[in-house]
Amino acid sequence: MSRPKSRPKPDHQHAAEQARQMPGTWVLAGPYASTANAKVAALHVRQGERGRLPAYTPAGAFKARSELTQEGADLWVCFTEAPTDGGEQ
């Protein structure tokens, strides 16, 4: 029996830095094993929660969305420069 391929972990600090350098541009934050996990992460990004994903503070400064892939789901983030009403999913 073969082992499943290891997947890279999302690098939220790097993704947030990239997004801040390119406001309005969607940046890949990383892959997730399931759509549900990616959607929860997107919610945390939009809420700018310090305890969960502190790279995305202040609250409302980022939009986030998940996209279904063959391996699970990708999380994409976008820096808006100004707090929004919660972003997309």
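Two strands are said to pair if DSSP finds at least two bridges between them. Strands (E, at least two residues) and helices (H or I, at least four residues) are DSSP runs, numbered from the N terminus. What we have here is a predicted model, in which local features need pLDDT of at least 70, side-chain atom pairs count only at pLDDT 80 or more, and totals for chains, interfaces and linings use all residues. Residues are numbered from 1 along each chain as its sequence is written, and side-chain values use heavy atoms, with hydrogens and water left out.

The open sheet has 3 strands in the order S1-S3-S2, with antiparallel pairing. S1 and S2 stand at the edges with a single partner strand each, so one side of each has no neighbour in the sheet. S1 and S3 pair over 5 bridges, and Leu-28 stands opposite Trp-76 in S3.

Let us turn to helix H1, residues 12-21. Its buried residues (under 20% relative accessible area, 1.4 Å probe, protein chains only) are His-12, Ala-15, Ala-16 and Ala-19. Seen down the axis of H1, these fall within an arc of 100°, taken from the directions from the helix axis to the C-beta atoms, so they line one face of the helix. They pack against strands S1 (27-32), S2 (62-68) and S3 (73-79), where contact means heavy atoms within 4.5 Å.

Finally, Leu-75 is in contact with residues including His-12, Leu-28, Val-45 and Ala-64. A cis peptide bond joins Thr-57 and Pro-58, with omega about 5°; Pro-58 lies in the loop between H2 and S2.

Definitions and conventions: Buried means under 20% relative accessible area, exposed over 50%, partly exposed in between (1.4 Å probe, protein chains only). Lists of a residue's contacts leave out its neighbours within four places in sequence.
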